[in-house]
Amino acid sequence: MNPVELSRFLGESFAPTPQQSEVIAANTTEPHLVVAGAGSGKTATMANRVAWLVANGLAEPAHILGLTFTRKAAGELDERIGRQLAKWERASGNGETGRLEADRPTVSTYNAFAAAVYRDHALRIGYEPDAVVISESIAWRLAHRVVVQSRDERLAALDLNPTTLVDAVLSVARELADHGASGTAVRDFARDIATRARAHVDSVRLKDARDTISRYVANVELLPLLIDLAAEYQAAKRARGYIEFSDQVALAHRIVTEHPAVAQAYRDRYRIVLLDEYQDTSVAQTRFLAELFRGSGVMAVGDPDQSIYGFRGASAANLSRFAIDFGPGRTFPLSVSWRNSHAVLEVANAVTEHLDRTVGIDKLPLDANDSAAPGAVHVRYFETILDEAEA
């Protein structure tokens, strides 16, 4: 049955829109990208896709994997999927068996899934599966010990307090992990850029500009030392059996890259994969997932205008690279908003228009649904925070 027929069969109040129907009934043999605007019902659409696949015998619940960014979002997606499968079970006369309830799809966060891969196969790369995931305070104390005990002669020439230096070492270590970057490559790049920039600083006429550029160059020149200290910090963690959350994804990626049989086992287990909030995946997460599910029935759902985790390596550019990372397939839009009035959407489209052009991926403007109110948007500027609070 098609998505609209299934909706009626399940007694749904609203039938899926034509856009949602296309997403729900997309084929399961190639990767697909869904560019979903705010309030466009993406979670409901993913849950309905799972129900449609099961109802039409195209997938068993145990062969479906759903990944999203936060525990809260994972809980909501799991609840929606469970609700739709329960409706199908009752409507199809299988309510007494409870098969679908006992054989639910796997729904998790990206990092929790990577952590599970790491725990199950850590020994393959020489790590202990029961390694302790350390807290921020333990990580800071360990990095502080590495910095204080380091005999690197370059430290003597620094005019930095230990706290600033420790923070920088932790930041570099985590950035390298989140971006899947080689310390050697970044070190060489930093030295090259610093050398080129330093050669031209003196030619800048304005003193303020020259001083500003000099500060930036000094920061770049500091990178090789920070990278070496970050490597010492990583070694200290491993010696103590410690890992961080960012390490789990990097190590899971290493496992599936170095051991293709492990990756194949996960592909055999999960025939259908749903990737939610894909615009907020980091480089390391994207590489890990692509290594696992490239060329399979994976569907990524994301919105370039809602990318908010750039500080930890995420980039909406992941959306435009999806076909490169996972293989060619269709791109579907979800552009009908279910939560906003006409006026709000008009303003939202105007605000985000320039963002959509910079990401390099086509995105339709948001449309109001048939029952949306005209709405109104008021813009006010307040001189004080008290005026704003009162308003």
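The model is predicted, so local features need pLDDT of at least 70 and side-chain atom pairs count only at pLDDT 80 or more, while totals for chains, interfaces and linings use all residues. Residues are numbered from 1 along each chain as its sequence is written, and side-chain values use heavy atoms, with hydrogens and water left out.

Let's begin with the whole protein. Its secondary structure comes to 17 helices and ten strands; helices (H or I, at least four residues) and strands (E, at least two) are DSSP runs, numbered from the N terminus. Along the principal axes, the C-alpha atoms fill a box of roughly 75 × 60 × 40 Å. Of the 391 residues, 43% count as buried. Buried means under 20% relative accessible area, exposed over 50%, and partly exposed in between, with a 1.4 Å probe and protein chains only. Contact means heavy atoms within 4.5 Å. Among contacts between residues at least 6 apart in sequence, 81% join residues at least 24 apart.

Now find helix H9, residues 183–201. Its 19 residues reach 26 Å from the first C-alpha to the last, close to the 27 Å expected at 1.5 Å a residue (the expected span is 1.5 Å times one less than the number of residues). Which residues of H9 are buried? They are Gly-183, Arg-187, Ala-190, Ala-194 and Val-201. These residues cover an arc of only 60° around the axis, which puts them on the same side of H9; the arc is that of the directions from the helix axis to the C-beta atoms. The face turned away from the buried side of H9 carries the exposed residues Phe-189, Thr-195, Arg-196, Ala-199 and His-200. Helix H8 (162–178) and helix H10 (207–240) are among what covers the buried residues of H9.

Next, look at helix H12 (residues 260–269), where Val-262, Ala-263 and Tyr-266 are buried. Seen down the axis of H12, its buried residues fall within an arc of 100°, so they line one face of the helix. Pro-260 and Ala-261 are exposed on the face turned away from that buried side. The cover over the buried residues of H12 includes helix H6 (110–121), helix H11 (245–258) and H13.

How do H12 and H13 pack? H12 and helix H13 (residues 283–293) meet at an angle of about 75°, with their axes 8 Å apart. Axes are lines fitted to C-alpha atoms, for helices over the stretch in contact, and angles run from 0 to 180 degrees between N-to-C directions. That makes H12 roughly perpendicular to H13, a label for angles of 65 to 115 degrees. Where they touch, Ala-263, Tyr-266 and Arg-267 in H12 meet Glu-291, Leu-292 and Phe-293 in H13.

Finally, visit Asn-369, in the loop between strand S10 (367–368) and helix H17 (385–390). Asn-369 counts as buried because its relative accessibility is 7%. Leaving aside neighbours within four places in sequence, Asn-369 is in contact with Val-336, Ser-337, Trp-338 and His-342. Its side chain reaches the backbone oxygen of Ser-337 at 3.0 Å.

Technical notes. A polar contact is a pair of N or O atoms within 3.5 Å; within protein, one must be able to donate a hydrogen and the other to accept it, and residues adjacent in sequence count only if both atoms are side-chain atoms. Angles under 35 degrees count as roughly parallel, over 145 as roughly antiparallel, 65 to 115 as roughly perpendicular and the rest as oblique.
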